[in-house]
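This report describes the overall build of a single protein and then turns to selected local features.

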Amino acid sequence: MASVTRAAFGELPSGGGTVEKFQLQSDLLRVDIISWGCTITALEVKDRQGRASDVVLGFAELEGYLQKQPYFGAVIGRVANRIAKGTFKVDGKEYHLAINKEPNSLHGGVRGFDKVLWTPRVLSNGVQFSRISPDGEEGYPGELKVWVTYTLDGGELVVNYRAQASQATPVNLTNHSYFNLAGQGSPNIYDHEVTIEADTYLPVDETLIPIGEVAPVQGTAFDLRKPVELGKHLQDFHLNGFDHNFCLKGSKEKHFCARVHHAASGRVLEVYTTQPGVQFYTGNFLDGTLKGKNGAVYPKHSGFCLETQNWPDAVNQFCFQHGIIWRQRNLEDT
């Protein structure tokens with residue numbers, strides 16, 4: 001059984017409100033989550049010697065999350081990932097979004113769900129955050145009510161997303177935590193062994209928009225169905241890193257998605273999801289300029305993300321069978 005404690009984390013400027021921190025603790029994990037962006041700020045887990053380390057990148061104070069930073073630990077919405085050229089059509093009407101990652105719209109726009117204060121509700125083993133995204137926010141149509149719930153049971157942290165739209169609108173929610181199983185602040189993730197249960201992936205163009213093809217991983221650098229040591233794998237295939245959607249089995253039941261093993265510490269991260277895709281990102285744009293927890297710096301490849309989600313730019317790519325969820329009804333995912 002998990003315990004939940006609540007404390008102030010910081011004050012937003014100009015009387016914007018109090019950001020609170022919720023600490024979920026079991027015998028195996030300790031997780032800190034703040035109400036700004038539903039952000040996971042710390043995740044502490046023991047190694048095989050029983051020594052606990054924080055394995056997510058981030059900041060010790062609120063000011064770190066208010067500066068320009070790469071979505072450390074945050075919930076992303078309305079639409080995670082990229083929308084090509086910041087435009088899409090719904091019911092014959094064209095909508096235009098902010099171009100915040102040239103030439104596309106990324107992660108919900110200039111002020112996405114990661115940059116707002118959510119309303120918390122403490123649960124017996126976790127915390128639920130909610131907010132109402134008004135019609136037209138960041139250019140998206142319709143009002144959207146959103147609930148994000150974190151619960152902890154032993155060594156399992158569950159994130160459940162639910163949204164209710166007043167009209168047809170794109171919705172694609174995910175969490176953008178960066179992990180380093182050697183402990184945050186470790187210089188790279190090259191000694192991590194990665195497995196992703198995907199037979200296909202989405203090739204992308206130079207702006208990281210899928211080209212419309214669902215390609216087999218067989219015989220390519222994207223075949224991660226058996227464990228690969230990340231550093232050697234990147235070297236062998238002359239890759240700058242991963243920032244790609246891997247296509248998962250089409251099942252509404254929760255299924256195994258990915259596993260990352262750090263042999264030196266014995267730590268293992270396993271991901272299960274009901275979503276049709278996972279974006280595997282190896283921190284290619286981290287550049288060491290941000291100062292994180294305990295004075296850590298985060299250079300390129302010092303953390304990885306496994307963002308379970310719908311396929312990128314699906315609102316514009318009708319050949320993607322799974323598509324993006326955009327219905328006037330309740331939506332749920334774990």
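Helices (DSSP H or I runs of at least four residues) and strands (E runs of at least two) are numbered from the N terminus. The model is predicted: local features need pLDDT of at least 70, side-chain atom pairs count only at pLDDT 80 or more, and totals for chains, interfaces and linings use all residues. Residues are numbered from 1 along each chain as its sequence is written, and side-chain values use heavy atoms, with hydrogens and water left out.

## Overall architecture

The protein contains two helices and 25 strands. Its radius of gyration is 19 Å, close to the 20 Å that the globule rule gives for 334 residues, so the protein is as compact as a globular protein of that length. The radius is taken over C-alpha atoms, and the rule is 2.2 Å times the number of residues to the power 0.38. Along the principal axes, the C-alpha trace spans about 60 × 55 × 40 Å.

A contact means heavy atoms within 4.5 Å. Among contacts between residues at least 6 apart in sequence, 63% join residues at least 24 apart.

## Burial, surface and charge

Of the 334 residues, 55% count as buried. Buried means under 20% relative accessible area, exposed over 50%, and partly exposed in between (1.4 Å probe, protein chains only). The protein exposes about 14,400 Å², of which carbon and sulfur atoms supply 48%; accessible areas come from the Shrake-Rupley method with a 1.4 Å probe, and for residues only the protein chains shown count as cover.

The mean positions of the 32 positive and 37 negative charges are 2 Å apart. Lys and Arg count as positive and Asp and Glu as negative, while His and the chain ends are not counted. Each charge is placed at NZ of Lys, CZ of Arg, CG of Asp or CD of Glu.

## Cysteines

The structure holds zero disulfides, a disulfide being a pair of cysteine sulfur atoms within 2.5 Å. For Cys38, the closest cysteine sulfur is that of Cys305, at 17 Å, which is too far for a bond. The sulfur of Cys305 in turn has its closest cysteine sulfur in Cys257, at 13 Å, again too far for a bond. Cys38 counts as buried at 0% relative accessibility, and Cys305 is likewise buried at 0%.

## Tyr71 and His107

Tyr71 occupies the loop between helix H1 (62–66) and strand S6 (75–76). With a relative accessibility of 13%, Tyr71 counts as buried. Leaving aside residues up to four places away in sequence, Tyr71 touches Ile76, Asn100, Leu106, His107, Asp114, Lys115, His176 and Tyr178. The C-alpha atoms of Tyr71 and Val45, 26 residues apart along the chain, are separated by 22 Å.

His107, one of the residues that Tyr71 touches, sits in the loop between S10 and strand S11 (119–123). His107 is buried, with a relative accessible area of 5%, and has a positive phi of about 55 degrees although it is not a glycine.

## Further backbone features

Asp313 also has a positive phi, near 55 degrees, in a residue other than glycine. This residue lies in the loop between strand S24 (305–309) and strand S25 (330–333). The relative accessible area of Asp313 is 5%, so Asp313 is buried.

Cis peptide bonds occur from Gly77 to Arg78, with omega near 0 degrees, and between Glu102 and Pro103, with omega about 0 degrees. Arg78 belongs to the loop between S6 and strand S7 (82–83). Pro103 is placed in the loop between strand S9 (93–96) and strand S10 (105–106).
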